[in-house]
Amino acid sequence: MISIRCIRCFLHFSGISEALNRLRFTLELNDLRSADVVIEAIVESERCKTQIILRTRQRSLKLLAILASNTSSISITRLASQTQRPSQVIGMHFMNPPAIMKLVEIIRGTQTSDEVFATVKALAERFGKNIVCSRDFPEDIDMGMKLGTNQPMGPLQLADFIGLDICLSAMKTLHGGLGGDRYSPCPLLIQYVDAGWLGKKEGRGVLFLH
């Protein structure tokens with residue numbers, strides 16, 4: 001059995017104790033008035049997030065404070081539209097569990113300012129995170145898959161290594177056997193194969209450009 005004293009020693013020497021001492025807990029939104037950046041990370045419900053963002057943005061934050069939402073699926077533009085300063089609202093989605101996963105997705109709403117985006121990007125980099133950036137829709141597919149799901153390579157890089165012609169043949173087989181539009185080969189894949197851009201073996205593909 002590990003004693004409480006041993007645990008305290010571990011926390012002290014690992015630096016965790018120092019980090020915990022910097023945390024401040026509160027149930028009062030007004031305690032956020034001095035914050036430059038607030039990251040909302042409540043339940044993934046647009047109704048709940050809208051309520052908390054509306055209350056926080058209009059009553060509890062200083063004028064130029066940045067309000068970031070940890071949402072993985074809700075439109076930042078819609079959330080920001082509920083506030084009086086939509087330019088100060090942005091998405092900052094930490095892959096779970098944040099202490100282990102290295103990826104942060106930054107999502108710009110339609111009205112998110114360049115200054116807010118730059119500040120949040122720099123903050124994520126200070127956290128030691130790798131960053132993918134979106135404009136309220138998915139981007140950076142391979143980086144997201146590698147860092148967000150711990151895959152050795154993303155699906156586009158993998159397709160280049162396999163050969164786009166082989167991928168197309170496999171998709172045609174699946175489509176023929178299973179039917180349905182979800183298995184229909186992507187028109188861009190067909191276009192690349194028709195152009196002879198077959199991936200790594202030809203030096204030109206989705207990611208291989210030489």
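## Notebook: aromatic pairs and helix contacts

I began with Phe-127, which is partly exposed at a relative accessible area of 44%. The model I am reading is predicted.

**Overall layout**

I looked up the elements next. The protein has 9 helices and 5 strands. I wrote down their order from the N terminus: α-α-β-α-β-α-β-β-α-β-α-α-α-α. Then I checked burial across the 210 residues of the protein, and 33% of them are buried. I also looked at how far contacts reach along the sequence. Of the contacts between residues at least 6 apart in sequence, 55% join residues at least 24 apart.

**Aromatic pairs**

How many aromatic pairs does the whole structure hold? My search found 2. One of them brings Phe-127 together with Phe-94. Their ring centres are 6.3 Å apart and their planes stand at 40 degrees, so I logged the pair as tilted. The label follows because planes under 30 degrees apart would count as stacked and those over 60 as edge-to-face.

I then placed both rings in the chain. Phe-94 belongs to strand E3, residues 89–94. Phe-127 is in the loop between helix H5 (114–126) and strand E5 (130–134). The two are 33 residues apart, and the pair links distant parts of the chain. Is Phe-94 buried or exposed? I found Phe-94 buried, at a relative accessible area of 14%.

I moved on to Tyr-192 and Trp-197. Their rings make an edge-to-face pair, with 5.2 Å from centre to centre and 70 degrees between the planes. I checked accessibility for each ring's residue. Tyr-192 counts as buried at 17%. Trp-197 counts as partly exposed at 29%. The cut-off for buried is under 20%, so Tyr-192 falls inside it at 17%.

What sits over the ring of Trp-197? I found the charged end of Arg-204 there, 3.9 Å from the ring centre. Trp-197 thus has an edge-to-face partner in Tyr-192 and a charge over its ring from Arg-204.

**Helix H6 against H7**

I turned to the helices. H6 covers residues 141–149, and its axis comes within 7 Å of that of H7. The two axes cross at roughly 105 degrees. I therefore noted H6 and H7 as roughly perpendicular to each other. From H6, the contact uses Ile-141, Asp-142, Met-145 and Lys-146. From H7, it uses Pro-155, Leu-156 and Gln-157. I sorted this contact of H6 with H7 by class: 4 nonpolar, 1 polar and 2 charged residues.

**Helix H7 against H8**

H7 runs over residues 155–162 and H8 over residues 164–178. At what angle do their axes cross? I read roughly 105 degrees, with the axes coming within 6 Å. H7 and H8 are therefore roughly perpendicular to each other. On the H7 side I listed Ala-159, Asp-160 and Ile-162. They meet Leu-164, Ile-166 and Cys-167 in H8. The contact of H7 with H8 has 5 nonpolar residues, no polar ones and 1 charged one.

**Gly-163 and Ile-162**

I looked at the loop between H7 and H8, where Gly-163 lies. Gly-163 is buried, with a relative accessible area of 1%. Which residues does Gly-163 contact, leaving aside neighbours within four places in sequence? I found Leu-198 and Lys-201. I also took a distance to Lys-200, which is 37 residues from Gly-163 in sequence. Their C-alpha atoms are 7.0 Å apart in space.

Ile-162 lies in helix H7. I found Ile-162 partly exposed, at a relative accessible area of 39%.

**A cis peptide bond**

Asn-96 and Pro-97 are joined by a cis peptide bond, with omega at about 0 degrees. Pro-97 lies in the loop between E3 and strand E4, residues 103–108.

Key
Residues numbered from 1 in each chain as written. Predicted model: local features only at pLDDT ≥ 70, side-chain atom pairs only at ≥ 80, totals over all residues. Heavy atoms only, no water. Phe/Tyr/Trp six-rings, centres within 6.5 Å; stacked < 30°, edge-to-face > 60°. Helix = DSSP H or I, 4+ residues; strand = E, 2+ residues; numbered from the N terminus. Buried < 20%, exposed > 50% of the residue type's maximum accessible area, 1.4 Å probe, protein only. Lys NZ or Arg CZ within 6 Å of the ring centre and 35° of its normal. Axes fitted to C-alpha atoms, helices over the stretch in contact; angles between N-to-C directions. Parallel < 35°, antiparallel > 145°, perpendicular 65-115°, else oblique. Contact = heavy atoms within 4.5 Å. Nonpolar A, V, L, I, M, F, W, Y, C, P; charged D, E, K, R; others polar.
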